Amino acid sequence: MGRCVVLCTERKSRKMIYGYYLIMVMMLPTGDVHSETLDWYFTPYECIEDAQYHHENESQLGVGYVCIEDVLPPEEKDNG
């Protein structure tokens with residue numbers, strides 16, 4: 001893994017994780033779902049901490065926060 005420890009983390013699925021996005025998700029009365037990326041974090045702990053802060057101090061009913069991994073896109077397989 002070498003230098004990867006400094007730049008990213010690695011999951012069991014061997015996908016490279018470079019950071020985490022904090023996403024706000026809101027369900028509207030019509031049933032539509034609206035989401036917005038609020039910030040990017042290097043570690044999941046920072047992201048989760050900020051998500052908890054937003055949930056406890058700023059959110060309304062029907063609004064949630066989630067941290068999503070920032071990963072490399074999957075490589076396309078050659079079908080030839």
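**View 1. One disulfide in a predicted model.** The structure holds one disulfide, a term used for a pair of cysteine sulfur atoms within 2.5 Å. Here Cys47 is joined to Cys67, with 2.2 Å from S to S. The torsion about the S-S bond of these two residues is about -105°, so the disulfide is left-handed. The pair links distant parts of the chain, 20 residues apart: Cys47 sits in helix α2 (residues 44-57) and Cys67 in strand β4 (residues 63-71). Helices (H or I, at least four residues) and strands (E, at least two) are DSSP runs, numbered from the N terminus. Cys47 is buried, at 0% relative accessibility, whereas Cys67 is partly exposed, with a relative accessible area of 23%. Buried stands for under 20% relative accessible area, exposed for over 50%, and partly exposed for what lies in between (1.4 Å probe, protein chains only).

A word on reading these views: this is a predicted model, in which local features need pLDDT of at least 70, side-chain atom pairs count only at pLDDT 80 or more, and totals for chains, interfaces and linings use all residues. Residues are numbered from 1 along each chain as its sequence is written, and side-chain values use heavy atoms, with hydrogens and water left out.

**View 2. The whole chain and its confidence.** The protein has two helices and four strands, and from the N terminus on they run α-β-β-β-α-β. The predictor's confidence in each residue, from 0 to 100, is called pLDDT. Its average over the protein is 81, and 74% of the residues score at least 70. Among the elements, strand β3 (residues 33-41) has the highest mean pLDDT (95) and helix α1 (residues 4-7) the lowest (41). Over residues 1-7 pLDDT stays under 50, and the model has five contacts beyond four places in sequence for this stretch. A contact means heavy atoms within 4.5 Å. Where pLDDT is low, the predicted coordinates should not be read in detail. Of the contacts in the protein with a separation of 6 or more, 49% are between residues 24 or more positions apart. Of the 80 residues in the protein, 19% are buried.

**View 3. A nonpolar patch on the surface.** Five residues make up this patch: Tyr21, Trp40, Phe42, Val66 and Ile68, with about 410 Å² of accessible area together. Accessible areas come from the Shrake-Rupley method with a 1.4 Å probe, and for residues only the protein chains shown count as cover. Patches are made of residues with over 30% relative accessible area and no salt bridge; like charges are joined within 9 Å, and nonpolar side chains (Val, Leu, Ile, Met, Phe, Trp, Tyr) within 5 Å. A salt bridge is a side-chain nitrogen of Lys or Arg within 4 Å of a carboxyl oxygen of Asp or Glu.

View 4. His54 is buried, at 15% relative accessibility, while Tyr45 is exposed, at 66%. Not counting residues up to four places away in sequence, His54 touches Leu22, Leu38, Ser59 and Tyr65. Tyr45 can be viewed together with Tyr20: they are 25 residues apart along the chain, and their C-alpha atoms are separated by 9.5 Å.

**View 5. Ser35 and its contacts.** Ser35 lies in strand β3 and is partly exposed, with a relative accessible area of 48%. Leaving out residues up to four places away in sequence, Ser35 touches Ile23, Met24 and Val25. The C-alpha atoms of Ser35 and Ile23 are separated by 6.6 Å, and the two residues are 12 residues apart along the chain.

**View 6. Lys15 and Val71.** Lys15 is found in the loop between β1 (9-10) and β2 (16-27). This lysine is partly exposed, with a relative accessible area of 41%. Lys15 and Val71 are 56 residues apart in sequence, and 6.8 Å apart in space, C-alpha to C-alpha.
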